[in-house]
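These are my notebook entries on a structure that I am reading for the first time. I set down what I looked up, in the order in which I looked.

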Amino acid sequence: MAARTSTIGGGEERMSVTAKTLFGELQEGELGFLGKEIVRKFFGLKATQRTLDKKRGALEGEIASYRKDRLTLLRRRLLEDGKDYCTYHHGAVPASEILPVYLEGTRGPADHYGGDREYREVHWTCLACREELRDRAASYLRPRVVHVSGWKPEEMRLQFSDGGRPPLPLGTMVMDRSPDPIPEELVREYNIPPDIRLDHNTFELLRR
Ligand SMILES: [Zn+2]
């Protein structure tokens with residue numbers, strides 16, 4: 001028969017070695033009673049803290065799903081209006097203009113680590129952004145590679161991971177068409193409910 005794992009105290013709080021020792025050392029005298037009360041209250045607080053952490057985690061999950069739904073709502077309202085989102089200049093443009101563009105280059109001149117950073121990204125771009133990107137690639141080589149395609153992002157990922165083509169991604173995945181955060185003018189124009197964020201340091205709810 002397999003030995004049963006004994007759980008000391010059942011579902012109650014596990015005592016740390018120090019607290020257990022402390023509790024044991026406290027006698028039933030005048031101060032000993034107070035000391036035991038302190039240890040008991042400490043464990044009560046620990047349990048409350050654990051419950052709070054759990055509730056906080058659930059709240060964070062709800063906030064994340066609200067923010068995601070907010071993006072879906074924007075996208076739907078944009079499409080109803082015949083528009084789509086350009087992830088390069090962060091604005092709404094006619095949906096027919098939007099095409100995915102593969103970009104490759106270095107960001108710099110210097111970041112915190114003291115050098116240029118390689119990047120590979122796919123953006124959903126409007127006509128004006130594509131022209132600007134091509135001009136920049138031709139005159140300053142920033143980005144080095146600009147490849148326009150009518151592919152869907154999943155296809156783009158496959159195309160660029162095959163043999164002779166540049167692999168995708170380097171750090172950056174195919175970018176979602178949804179912006180984060182949604183620019184304020186779009187929030188107003190398409191009547192999107194306000195953004196909600198939880199500030200972890202101050203534990204305040206923020207309207208971003
Ligand atoms: Zn654009």
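**Entry 1: arginine 130**

I looked up arginine 130 and found it partly exposed, because 19 other C-beta atoms lie within 10 Å. I note the cut-offs: a residue is buried if 20 or more other C-beta atoms lie within 10 Å of its own, exposed if 12 or fewer, and partly exposed in between, with C-beta atoms placed from the backbone. The model is a predicted one, in which local features need pLDDT of at least 70 and side-chain atom pairs count only at pLDDT 80 or more, while totals for chains, interfaces and linings use all residues. Residues are numbered from 1 along each chain as its sequence is written.

Arginine 130 belongs to helix α3 (residues 127-139). Helices (H or I, at least four residues) and strands (E, at least two) are DSSP runs, numbered from the N terminus. Which residues is arginine 130 in contact with, leaving aside its neighbours within four places in sequence? I listed Leu99, Val101, Thr125 and Val148. Contact here means that the C-beta atoms of two residues, placed from the backbone, lie within 7 Å. I also checked histidine 147, which is 17 residues from arginine 130 in sequence and 9.4 Å away in space, C-alpha to C-alpha.

**Entry 2: the sheet with β3**

I followed histidine 147 into β5, where it is the bridge partner of tyrosine 102. Strand β3 (residues 99-107) pairs with β5 in the antiparallel sense over 4 bridges. Two strands count as paired if DSSP finds at least two bridges between them. I then traced the open sheet of 3 strands, whose order is β4-β3-β5 with antiparallel pairing. Its edge strands are β4 (117-125) and β5 (145-148), each of which pairs on one side only.

**Entry 3: helix α2**

I turned to helix α2 (residues 30-80), which has 51 residues. From its first C-alpha to its last, α2 reaches 75 Å, close to the 75 Å expected at 1.5 Å a residue. The expected span is 1.5 Å times one less than the number of residues.

Why does α2 lie largely in the open? I counted the buried residues: the number is 3 of the 51 in α2, so the helix lies largely in the open. They are Arg70, Leu74 and Leu78. An α-helix has 3.6 residues a turn, so residues three or four places apart point the same way. The buried residues of α2 pack against β1 (83-86), β2 (91-94) and α5 (184-189).

Leaving aside its neighbours within four places in sequence, leucine 74 is in contact with Ile182, Leu186, Tyr190 and Ile192. Leucine 74 and aspartate 84 stand 10 residues apart in sequence and 9.4 Å apart in space, C-alpha to C-alpha. Glycine 82 follows α2, and its phi is positive, near 75 degrees.

**Entry 4: the hairpin**

I next examined β1 and β2, which pair in the antiparallel sense over 4 bridges. They form a hairpin with 4 residues between them, and histidine 90 in the turn has a positive phi of about 55 degrees. Tyrosine 85 stands opposite alanine 92 in β2.

**Entry 5: the largest nonpolar core**

I met tyrosine 85 again in the largest nonpolar core, which has 16 residues. Such a core is a set of buried Ala, Val, Leu, Ile, Met, Phe, Trp, Tyr and Cys residues joined through C-beta atoms within 7 Å. Tyr85, Cys86, Val101, Leu103 and Leu133 touch the most other members. The elements giving two or more residues are α2, β1, β3, β4 and α3. β3 gives the most, with 3 residues.

**Entry 6: two loop residues**

Asparagine 191 has a positive phi of about 50 degrees although it is not a glycine. I placed asparagine 191 in the loop between α5 and β6 (197-199). Asparagine 191 counts as exposed because it has 9 C-beta neighbours inside 10 Å.

Phenylalanine 203 also has a positive phi of about 50 degrees without being a glycine. I found phenylalanine 203 in the loop between β6 and β7 (204-206).

**Entry 7: the whole protein**

Last, I recorded 5 helices and 7 strands in the protein. Buried residues make up 14% of its 208 residues.
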